[in-house]
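Reader: I have a new model open and would like to learn how to read its features. Could you walk me through it?
Author: Gladly; let us look together.

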Amino acid sequence: MNDDDFVPQWIIERKRDGAALDEADIREWIARYADGRLPDYQMAALAMAIYFRGMSPEETLALTDAMMRSGDTLSWDGLARPTADKHSTGGIGDKLSIPLAPLVAACGVAVPMISGRGLGITGGTLDKLESIPGYDTHLDNARFRAVVDAVGCSIIGQTDRLAPADRKLYALRDVTGTVPSIPLITASILSKKLAEGAATLVFDVKCGAGAFMKTPADARALADSLLAVARGAGRHAEALVTAMDQPLGRTAGNALEIAESVEILRGDPADDGARELTLRLAVPMLTLSGVSPDEASARALLEKKLASGAALETFARMVEAQGGDPRVAEAPEKVLPQAPAVVEVPAPRGGVLARVDADGIGRVVLLLGGGRRAVTDTIDPSVGVSCLSKVGEEIEQGEPLLRIHARTRAEAEALVPQVLAAHEIVDGPVAAPALVL
Ligand code: URA
(Lines give C-alpha, C1' and ligand atoms only; values in the text may rest on other atoms or scores of the structure.)
Protein backbone atom coordinates (compact mmCIF):
# COMPACT_ATOMS: atom_id res chain seq x y z
CA MET A 1 0.00 0.00 0.00
CA ASN A 2 1.50 3.37 -0.86
CA ASP A 3 1.25 6.46 1.31
CA ASP A 4 -1.49 8.01 -0.88
CA ASP A 5 -3.92 5.16 -0.16
CA PHE A 6 -3.36 5.07 3.58
CA VAL A 7 -5.02 7.80 5.64
CA PRO A 8 -4.76 6.87 9.34
CA GLN A 9 -7.49 9.21 10.58
CA TRP A 10 -10.04 7.64 8.19
CA ILE A 11 -9.30 4.24 9.75
CA ILE A 12 -9.69 5.71 13.25
CA GLU A 13 -12.98 7.32 12.17
CA ARG A 14 -14.30 4.03 10.79
CA LYS A 15 -13.65 2.25 14.09
CA ARG A 16 -14.93 5.23 16.09
CA ASP A 17 -18.23 4.96 14.17
CA GLY A 18 -18.49 1.23 14.81
CA ALA A 19 -17.52 -0.21 11.41
CA ALA A 20 -15.28 -3.23 10.94
CA LEU A 21 -11.73 -2.63 9.66
CA ASP A 22 -10.33 -4.42 6.61
CA GLU A 23 -7.60 -6.98 7.07
CA ALA A 24 -5.30 -5.04 4.70
CA ASP A 25 -5.75 -1.82 6.70
CA ILE A 26 -5.03 -3.60 9.99
CA ARG A 27 -1.92 -5.21 8.53
CA GLU A 28 -0.64 -1.91 7.13
CA TRP A 29 -1.47 -0.10 10.37
CA ILE A 30 0.56 -2.47 12.54
CA ALA A 31 3.48 -2.58 10.10
CA ARG A 32 3.67 1.21 10.19
CA TYR A 33 3.24 1.41 13.96
CA ALA A 34 5.97 -1.19 14.53
CA ASP A 35 8.53 0.63 12.36
CA GLY A 36 7.68 4.09 13.67
CA ARG A 37 5.94 5.57 10.61
CA LEU A 38 2.67 5.82 12.55
CA PRO A 39 2.81 7.97 15.69
CA ASP A 40 1.71 6.94 19.19
CA TYR A 41 -1.12 9.52 19.21
CA GLN A 42 -2.86 7.83 16.28
CA MET A 43 -2.29 4.38 17.73
CA ALA A 44 -3.70 5.60 21.06
CA ALA A 45 -6.78 7.00 19.32
CA LEU A 46 -7.39 3.73 17.48
CA ALA A 47 -6.86 1.72 20.69
CA MET A 48 -9.48 3.84 22.44
CA ALA A 49 -11.90 3.40 19.51
CA ILE A 50 -11.32 -0.37 19.73
CA TYR A 51 -11.86 -0.21 23.51
CA PHE A 52 -15.32 1.33 22.99
CA ARG A 53 -16.40 -0.36 19.74
CA GLY A 54 -14.75 -3.77 20.04
CA MET A 55 -13.62 -5.96 17.17
CA SER A 56 -15.13 -8.97 15.42
CA PRO A 57 -13.25 -12.30 15.71
CA GLU A 58 -12.03 -11.76 12.11
CA GLU A 59 -10.63 -8.31 12.92
CA THR A 60 -9.05 -9.62 16.13
CA LEU A 61 -7.42 -12.46 14.19
CA ALA A 62 -6.06 -9.99 11.60
CA LEU A 63 -4.71 -7.74 14.37
CA THR A 64 -3.11 -10.69 16.16
CA ASP A 65 -1.55 -12.02 12.98
CA ALA A 66 -0.15 -8.60 12.03
CA MET A 67 1.35 -8.17 15.52
CA MET A 68 2.81 -11.67 15.45
CA ARG A 69 4.47 -10.90 12.10
CA SER A 70 6.13 -7.76 13.47
CA GLY A 71 8.99 -9.99 14.72
CA ASP A 72 10.47 -13.51 14.67
CA THR A 73 8.22 -16.54 14.41
CA LEU A 74 9.55 -19.88 15.62
CA SER A 75 8.94 -23.19 13.89
CA TRP A 76 9.20 -26.60 15.55
CA ASP A 77 9.10 -28.56 12.28
CA GLY A 78 11.41 -31.51 12.50
CA LEU A 79 10.99 -31.98 16.24
CA ALA A 80 10.19 -35.62 17.00
CA ARG A 81 7.24 -34.80 19.27
CA PRO A 82 4.16 -32.59 19.15
CA THR A 83 4.34 -29.15 20.79
CA ALA A 84 2.00 -27.55 23.32
CA ASP A 85 2.00 -24.60 25.68
CA LYS A 86 -0.17 -23.11 28.38
CA HIS A 87 -0.91 -19.45 29.00
CA SER A 88 -2.30 -18.05 32.22
CA THR A 89 -3.70 -14.56 32.48
CA GLY A 90 -1.93 -14.36 35.86
CA GLY A 91 -2.82 -14.56 39.49
CA ILE A 92 -1.48 -14.72 43.04
CA GLY A 93 0.45 -17.90 43.83
CA ASP A 94 0.09 -19.08 40.24
CA LYS A 95 3.25 -21.15 39.87
CA LEU A 96 1.62 -23.78 37.66
CA SER A 97 3.83 -23.34 34.58
CA ILE A 98 6.81 -24.55 36.61
CA PRO A 99 5.51 -28.04 37.43
CA LEU A 100 3.35 -28.22 34.29
CA ALA A 101 6.03 -27.82 31.59
CA PRO A 102 8.31 -30.67 32.79
CA LEU A 103 5.31 -32.87 33.64
CA VAL A 104 3.84 -32.55 30.14
CA ALA A 105 7.31 -32.96 28.59
CA ALA A 106 7.80 -36.18 30.57
CA CYS A 107 4.61 -37.46 28.89
CA GLY A 108 6.04 -36.95 25.38
CA VAL A 109 4.79 -33.48 24.41
CA ALA A 110 7.42 -30.77 23.90
CA VAL A 111 6.74 -27.54 25.77
CA PRO A 112 8.54 -24.47 24.38
CA MET A 113 7.33 -21.85 26.85
CA ILE A 114 7.97 -18.12 26.61
CA SER A 115 6.87 -16.54 29.88
CA GLY A 116 6.56 -13.12 31.39
CA ARG A 117 7.55 -11.25 34.51
CA GLY A 118 5.25 -10.18 37.30
CA LEU A 119 2.72 -7.52 36.37
CA GLY A 120 1.36 -5.42 39.24
CA ILE A 121 0.65 -7.77 42.13
CA THR A 122 0.63 -10.94 40.03
CA GLY A 123 3.87 -12.88 40.07
CA GLY A 124 5.70 -13.91 36.90
CA THR A 125 7.12 -17.32 36.02
CA LEU A 126 10.46 -15.79 34.95
CA ASP A 127 10.96 -14.04 38.28
CA LYS A 128 10.22 -17.30 40.08
CA LEU A 129 12.65 -19.32 37.95
CA GLU A 130 15.37 -16.71 38.39
CA SER A 131 15.31 -17.42 42.13
CA ILE A 132 17.12 -20.68 41.22
CA PRO A 133 20.83 -19.75 41.29
CA GLY A 134 22.25 -19.65 37.76
CA TYR A 135 18.97 -20.20 35.88
CA ASP A 136 19.20 -18.26 32.62
CA THR A 137 15.91 -17.05 31.11
CA HIS A 138 17.61 -15.22 28.21
CA LEU A 139 18.27 -17.97 25.68
CA ASP A 140 18.52 -17.10 22.00
CA ASN A 141 16.35 -19.02 19.51
CA ALA A 142 19.04 -21.62 18.78
CA ARG A 143 19.68 -22.44 22.44
CA PHE A 144 15.96 -22.44 23.21
CA ARG A 145 15.47 -25.00 20.47
CA ALA A 146 18.42 -27.08 21.68
CA VAL A 147 17.03 -27.27 25.23
CA VAL A 148 13.53 -28.18 24.01
CA ASP A 149 15.11 -30.84 21.77
CA ALA A 150 17.26 -32.34 24.51
CA VAL A 151 14.98 -32.05 27.55
CA GLY A 152 11.46 -31.70 26.12
CA CYS A 153 10.77 -28.31 27.67
CA SER A 154 12.31 -24.92 28.21
CA ILE A 155 10.96 -21.83 29.91
CA ILE A 156 12.51 -18.54 28.79
CA GLY A 157 11.66 -14.84 28.57
CA GLN A 158 10.38 -12.84 25.64
CA THR A 159 13.19 -11.64 23.37
CA ASP A 160 13.17 -8.19 21.77
CA ARG A 161 12.45 -9.94 18.47
CA LEU A 162 9.22 -11.60 19.61
CA ALA A 163 6.12 -9.57 18.64
CA PRO A 164 7.81 -6.14 19.05
CA ALA A 165 4.55 -4.42 17.99
CA ASP A 166 2.95 -5.84 21.14
CA ARG A 167 5.73 -4.57 23.36
CA LYS A 168 5.24 -1.05 21.98
CA LEU A 169 1.45 -1.18 22.02
CA TYR A 170 1.27 -2.69 25.51
CA ALA A 171 3.35 0.19 26.94
CA LEU A 172 1.06 2.68 25.18
CA ARG A 173 -2.13 0.94 26.41
CA ASP A 174 -0.77 0.98 29.92
CA VAL A 175 -0.72 4.80 29.92
CA THR A 176 -3.85 5.49 27.83
CA GLY A 177 -6.51 3.54 29.74
CA THR A 178 -6.85 0.91 27.02
CA VAL A 179 -5.56 -2.25 28.73
CA PRO A 180 -8.93 -3.88 29.59
CA SER A 181 -10.17 -4.42 26.02
CA ILE A 182 -10.84 -8.02 25.07
CA PRO A 183 -9.68 -7.76 21.42
CA LEU A 184 -6.52 -5.88 22.47
CA ILE A 185 -5.75 -8.37 25.26
CA THR A 186 -6.37 -11.27 22.88
CA ALA A 187 -4.06 -9.85 20.22
CA SER A 188 -1.43 -9.05 22.82
CA ILE A 189 -1.38 -12.52 24.38
CA LEU A 190 -1.74 -14.44 21.14
CA SER A 191 0.70 -12.45 19.03
CA LYS A 192 3.40 -13.74 21.42
CA LYS A 193 1.98 -17.25 21.81
CA LEU A 194 1.47 -17.78 18.07
CA ALA A 195 4.99 -16.48 17.33
CA GLU A 196 6.33 -19.07 19.77
CA GLY A 197 4.97 -21.72 17.42
CA ALA A 198 3.39 -24.41 19.66
CA ALA A 199 0.68 -26.37 17.85
CA THR A 200 -1.58 -26.70 20.92
CA LEU A 201 -2.44 -23.87 23.30
CA VAL A 202 -4.27 -24.22 26.60
CA PHE A 203 -5.49 -21.05 28.31
CA ASP A 204 -6.00 -20.60 32.02
CA VAL A 205 -8.21 -17.52 32.25
CA LYS A 206 -8.22 -16.41 35.87
CA CYS A 207 -11.31 -14.84 37.36
CA GLY A 208 -11.81 -13.09 40.68
CA ALA A 209 -10.35 -10.64 43.19
CA GLY A 210 -6.70 -11.46 42.37
CA ALA A 211 -7.16 -11.52 38.58
CA PHE A 212 -7.38 -9.18 35.67
CA MET A 213 -10.90 -10.39 34.88
CA LYS A 214 -13.11 -9.87 37.91
CA THR A 215 -16.37 -11.48 36.74
CA PRO A 216 -17.13 -14.90 35.18
CA ALA A 217 -18.84 -13.16 32.24
CA ASP A 218 -15.69 -11.14 31.41
CA ALA A 219 -13.41 -14.14 31.92
CA ARG A 220 -15.61 -16.24 29.66
CA ALA A 221 -15.65 -13.54 26.98
CA LEU A 222 -11.83 -13.42 27.04
CA ALA A 223 -11.64 -17.24 26.93
CA ASP A 224 -14.01 -17.32 23.92
CA SER A 225 -12.00 -14.64 22.14
CA LEU A 226 -8.66 -16.44 22.78
CA LEU A 227 -10.14 -19.70 21.49
CA ALA A 228 -11.67 -18.14 18.37
CA VAL A 229 -8.38 -16.48 17.37
CA ALA A 230 -6.12 -19.42 18.29
CA ARG A 231 -8.32 -21.82 16.35
CA GLY A 232 -8.64 -19.31 13.50
CA ALA A 233 -4.83 -19.33 13.35
CA GLY A 234 -4.87 -23.10 12.93
CA ARG A 235 -3.92 -24.14 16.48
CA HIS A 236 -5.59 -26.71 18.72
CA ALA A 237 -6.88 -24.79 21.70
CA GLU A 238 -8.78 -25.24 24.94
CA ALA A 239 -9.54 -22.81 27.77
CA LEU A 240 -10.42 -23.13 31.43
CA VAL A 241 -11.88 -20.27 33.45
CA THR A 242 -10.44 -20.76 36.94
CA ALA A 243 -10.99 -19.16 40.33
CA MET A 244 -8.59 -16.47 41.57
CA ASP A 245 -10.41 -15.16 44.65
CA GLN A 246 -7.91 -16.83 47.00
CA PRO A 247 -4.22 -17.47 46.19
CA LEU A 248 -3.40 -20.70 44.38
CA GLY A 249 -1.65 -23.31 46.50
CA ARG A 250 0.10 -22.65 49.82
CA THR A 251 2.75 -20.09 48.88
CA ALA A 252 3.11 -16.70 47.18
CA GLY A 253 6.58 -15.30 46.56
CA ASN A 254 9.26 -16.30 44.11
CA ALA A 255 11.59 -18.85 45.74
CA LEU A 256 8.78 -20.13 47.96
CA GLU A 257 6.74 -20.95 44.85
CA ILE A 258 9.67 -22.85 43.31
CA ALA A 259 9.84 -24.98 46.48
CA GLU A 260 6.09 -25.64 46.24
CA SER A 261 6.46 -26.56 42.55
CA VAL A 262 9.12 -29.11 43.52
CA GLU A 263 6.66 -30.59 46.07
CA ILE A 264 4.09 -31.03 43.30
CA LEU A 265 6.70 -32.62 41.01
CA ARG A 266 7.76 -34.97 43.79
CA GLY A 267 4.31 -36.47 43.46
CA ASP A 268 3.10 -35.28 46.86
CA PRO A 269 -0.61 -36.14 46.57
CA ALA A 270 -1.66 -33.62 49.26
CA ASP A 271 -3.72 -31.11 47.37
CA ASP A 272 -4.43 -27.47 47.92
CA GLY A 273 -5.58 -26.69 44.38
CA ALA A 274 -2.20 -26.15 42.72
CA ARG A 275 -1.60 -29.84 42.00
CA GLU A 276 -5.14 -30.47 40.78
CA LEU A 277 -5.15 -27.43 38.50
CA THR A 278 -1.76 -28.40 37.06
CA LEU A 279 -3.28 -31.75 36.10
CA ARG A 280 -6.50 -30.19 34.76
CA LEU A 281 -4.46 -27.91 32.46
CA ALA A 282 -2.06 -30.67 31.43
CA VAL A 283 -4.85 -33.03 30.32
CA PRO A 284 -5.91 -31.05 27.21
CA MET A 285 -2.24 -30.51 26.31
CA LEU A 286 -1.93 -34.29 26.01
CA THR A 287 -5.30 -35.00 24.37
CA LEU A 288 -5.16 -32.17 21.81
CA SER A 289 -1.59 -33.18 20.94
CA GLY A 290 -2.75 -36.73 20.23
CA VAL A 291 -0.52 -38.30 22.90
CA SER A 292 -3.51 -39.51 24.95
CA PRO A 293 -6.80 -40.61 23.40
CA ASP A 294 -9.01 -39.28 26.18
CA GLU A 295 -9.08 -37.45 29.49
CA ALA A 296 -8.90 -40.59 31.66
CA SER A 297 -5.80 -41.95 29.95
CA ALA A 298 -4.14 -38.50 29.95
CA ARG A 299 -4.73 -38.22 33.67
CA ALA A 300 -3.38 -41.72 34.30
CA LEU A 301 -0.22 -40.93 32.31
CA LEU A 302 0.32 -37.66 34.19
CA GLU A 303 -0.11 -39.36 37.59
CA LYS A 304 2.35 -42.06 36.51
CA LYS A 305 5.00 -39.50 35.52
CA LEU A 306 4.61 -37.72 38.85
CA ALA A 307 4.77 -40.93 40.89
CA SER A 308 7.77 -42.34 38.98
CA GLY A 309 9.86 -39.20 39.44
CA ALA A 310 10.10 -38.68 35.65
CA ALA A 311 8.48 -35.23 35.84
CA LEU A 312 10.85 -34.13 38.64
CA GLU A 313 13.83 -35.44 36.70
CA THR A 314 12.74 -33.50 33.59
CA PHE A 315 12.52 -30.36 35.72
CA ALA A 316 16.06 -30.92 37.04
CA ARG A 317 17.35 -31.44 33.50
CA MET A 318 15.67 -28.26 32.26
CA VAL A 319 17.16 -26.26 35.16
CA GLU A 320 20.62 -27.70 34.46
CA ALA A 321 20.37 -27.12 30.69
CA GLN A 322 19.61 -23.46 31.42
CA GLY A 323 22.56 -23.02 33.76
CA GLY A 324 20.70 -23.44 37.05
CA ASP A 325 21.56 -25.63 40.02
CA PRO A 326 19.71 -28.93 39.46
CA ARG A 327 19.98 -29.81 43.16
CA VAL A 328 16.95 -27.56 43.57
CA ALA A 329 14.92 -30.64 42.63
CA GLU A 330 16.32 -32.66 45.54
CA ALA A 331 16.77 -30.10 48.29
CA PRO A 332 15.16 -26.77 47.41
CA GLU A 333 15.81 -25.40 50.91
CA LYS A 334 19.58 -25.80 50.39
CA VAL A 335 19.66 -24.09 47.00
CA LEU A 336 17.00 -21.37 47.07
CA PRO A 337 17.49 -18.04 48.84
CA GLN A 338 15.89 -17.97 52.30
CA ALA A 339 14.46 -14.86 53.92
CA PRO A 340 16.18 -14.01 57.23
CA ALA A 341 12.94 -13.41 59.18
CA VAL A 342 10.00 -15.81 59.31
CA VAL A 343 7.00 -14.64 61.33
CA GLU A 344 3.81 -16.62 61.94
CA VAL A 345 0.52 -14.76 61.97
CA PRO A 346 -1.83 -16.42 64.46
CA ALA A 347 -5.57 -16.64 63.79
CA PRO A 348 -7.34 -14.04 65.95
CA ARG A 349 -10.24 -16.45 66.53
CA GLY A 350 -11.24 -20.03 65.82
CA GLY A 351 -13.69 -20.99 63.08
CA VAL A 352 -13.70 -21.63 59.34
CA LEU A 353 -11.93 -19.56 56.69
CA ALA A 354 -14.57 -17.78 54.62
CA ARG A 355 -12.20 -15.50 52.67
CA VAL A 356 -8.49 -15.41 51.90
CA ASP A 357 -8.22 -12.40 49.65
CA ALA A 358 -5.82 -12.99 46.77
CA ASP A 359 -5.52 -9.28 46.05
CA GLY A 360 -4.63 -8.53 49.70
CA ILE A 361 -2.04 -11.32 49.83
CA GLY A 362 -0.57 -10.16 46.49
CA ARG A 363 -0.14 -6.66 47.92
CA VAL A 364 1.62 -8.05 51.01
CA VAL A 365 4.09 -9.97 48.81
CA LEU A 366 4.76 -6.85 46.73
CA LEU A 367 5.32 -4.74 49.86
CA LEU A 368 7.74 -7.34 51.24
CA GLY A 369 9.84 -6.78 48.10
CA GLY A 370 8.62 -9.80 46.12
CA GLY A 371 7.02 -7.68 43.37
CA ARG A 372 7.75 -4.47 41.51
CA ARG A 373 6.37 -0.97 42.05
CA ALA A 374 8.07 0.17 38.82
CA VAL A 375 9.29 -1.95 35.88
CA THR A 376 12.88 -1.09 36.73
CA ASP A 377 12.64 -2.40 40.34
CA THR A 378 14.57 -5.50 41.30
CA ILE A 379 12.73 -8.04 43.38
CA ASP A 380 13.83 -10.02 46.41
CA PRO A 381 13.35 -13.69 45.50
CA SER A 382 13.38 -14.91 49.11
CA VAL A 383 10.37 -13.04 50.51
CA GLY A 384 6.69 -13.96 50.45
CA VAL A 385 4.16 -15.99 52.38
CA SER A 386 3.89 -19.73 52.99
CA CYS A 387 1.53 -22.17 54.72
CA LEU A 388 -1.46 -20.19 53.39
CA SER A 389 -4.80 -21.26 54.81
CA LYS A 390 -7.56 -22.11 52.35
CA VAL A 391 -11.21 -21.15 52.23
CA GLY A 392 -13.30 -23.87 53.87
CA GLU A 393 -10.53 -25.01 56.26
CA GLU A 394 -11.08 -25.02 60.00
CA ILE A 395 -8.65 -23.11 62.16
CA GLU A 396 -8.15 -22.86 65.94
CA GLN A 397 -7.53 -19.53 67.62
CA GLY A 398 -3.75 -18.91 67.71
CA GLU A 399 -2.94 -21.42 64.96
CA PRO A 400 -0.92 -19.80 62.11
CA LEU A 401 -2.97 -18.31 59.30
CA LEU A 402 0.25 -18.13 57.32
CA ARG A 403 3.97 -17.42 57.64
CA ILE A 404 5.53 -14.17 56.45
CA HIS A 405 9.06 -14.47 55.02
CA ALA A 406 10.69 -11.04 55.19
CA ARG A 407 14.02 -9.24 55.12
CA THR A 408 13.55 -8.20 58.73
CA ARG A 409 11.23 -9.05 61.59
CA ALA A 410 10.07 -5.43 61.68
CA GLU A 411 9.06 -5.52 58.01
CA ALA A 412 7.08 -8.70 58.61
CA GLU A 413 5.37 -7.36 61.71
CA ALA A 414 4.39 -4.14 59.95
CA LEU A 415 2.36 -6.17 57.47
CA VAL A 416 0.44 -8.27 60.01
CA PRO A 417 -2.62 -5.94 59.96
CA GLN A 418 -2.81 -6.28 56.17
CA VAL A 419 -2.53 -10.07 56.43
CA LEU A 420 -5.34 -10.16 59.01
CA ALA A 421 -7.51 -7.88 56.85
CA ALA A 422 -7.12 -10.35 53.96
CA HIS A 423 -8.70 -13.15 56.05
CA GLU A 424 -12.24 -13.66 57.26
CA ILE A 425 -13.05 -16.37 59.79
CA VAL A 426 -16.66 -17.31 60.47
CA ASP A 427 -18.45 -19.92 62.57
CA GLY A 428 -18.91 -22.03 59.44
CA PRO A 429 -19.40 -24.31 57.70
CA VAL A 430 -18.00 -22.90 54.44
CA ALA A 431 -17.69 -25.04 51.30
CA ALA A 432 -14.31 -25.11 49.57
CA PRO A 433 -14.83 -23.10 46.35
CA ALA A 434 -14.60 -24.69 42.91
CA LEU A 435 -11.20 -24.49 41.17
CA VAL A 436 -12.61 -24.46 37.65
CA LEU A 437 -15.64 -22.23 37.10
N1 URA B 1 -1.09 -10.04 29.13
C2 URA B 1 -0.60 -9.64 27.94
O3 URA B 1 0.38 -10.16 27.45
N4 URA B 1 -1.25 -8.65 27.30
C5 URA B 1 -2.37 -8.05 27.77
O6 URA B 1 -2.90 -7.19 27.13
C7 URA B 1 -2.84 -8.48 29.02
C8 URA B 1 -2.19 -9.48 29.69
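Reader: Which domains does the domain assignment give the protein chain?
Author: Domain bounds come from an automatic or database domain assignment. Here that assignment gives domain 1 (3–54), domain 2 (84–332) and domain 3 (337–426). Residues are numbered from 1 along each chain as its sequence is written, and side-chain values use heavy atoms, with hydrogens and water left out. This is a predicted model, where local features need pLDDT of at least 70 and side-chain atom pairs count only at pLDDT 80 or more, while totals for chains, interfaces and linings use all residues.

Reader: How many residues of domain 2 are in contact with domain 3?
Author: Contact means heavy atoms within 4.5 Å. On that rule, 24 residues of domain 2 touch 28 residues of domain 3. The C-alpha centres of domain 2 and domain 3 are 24 Å apart.

Reader: And what area do domain 2 and domain 3 bury between them?
Author: Buried area is the accessible area (1.4 Å probe) that two parts lose on being put together, summed over both. For domain 2 and domain 3 this comes to about 1900 Å², with 55% of it on carbon and sulfur atoms. On the domain 2 side, Ile121, Gln246 and Arg250 lose the most area to domain 3, together 31% of what that side buries.

Reader: How many salt bridges are counted between domain 2 and domain 3?
Author: A salt bridge is a side-chain nitrogen of Lys or Arg within 4 Å of a carboxyl oxygen of Asp or Glu. The count between domain 2 and domain 3 is two, and a search of the whole structure finds 36. The side chains of Glu393 and Arg250 form a salt bridge at 2.6 Å, N to O.

Reader: Are Glu393 and Arg250 buried, exposed or partly exposed?
Author: Buried means under 20% relative accessible area, exposed over 50%, and partly exposed in between (1.4 Å probe, protein chains only). Glu393 is partly exposed at 27%, and Arg250 is partly exposed at 25%.

Reader: What about the salt bridge of Asp166 and Lys192?
Author: Their side chains meet at 3.0 Å, N to O. Helices (H or I, at least four residues) and strands (E, at least two) are DSSP runs, numbered from the N terminus. Asp166 sits in helix H8 (residues 164–174) and Lys192 in helix H9 (residues 182–196), 26 residues apart. Asp166 counts as buried, because its relative accessibility is 3%, whereas Lys192 is partly exposed at 22%.
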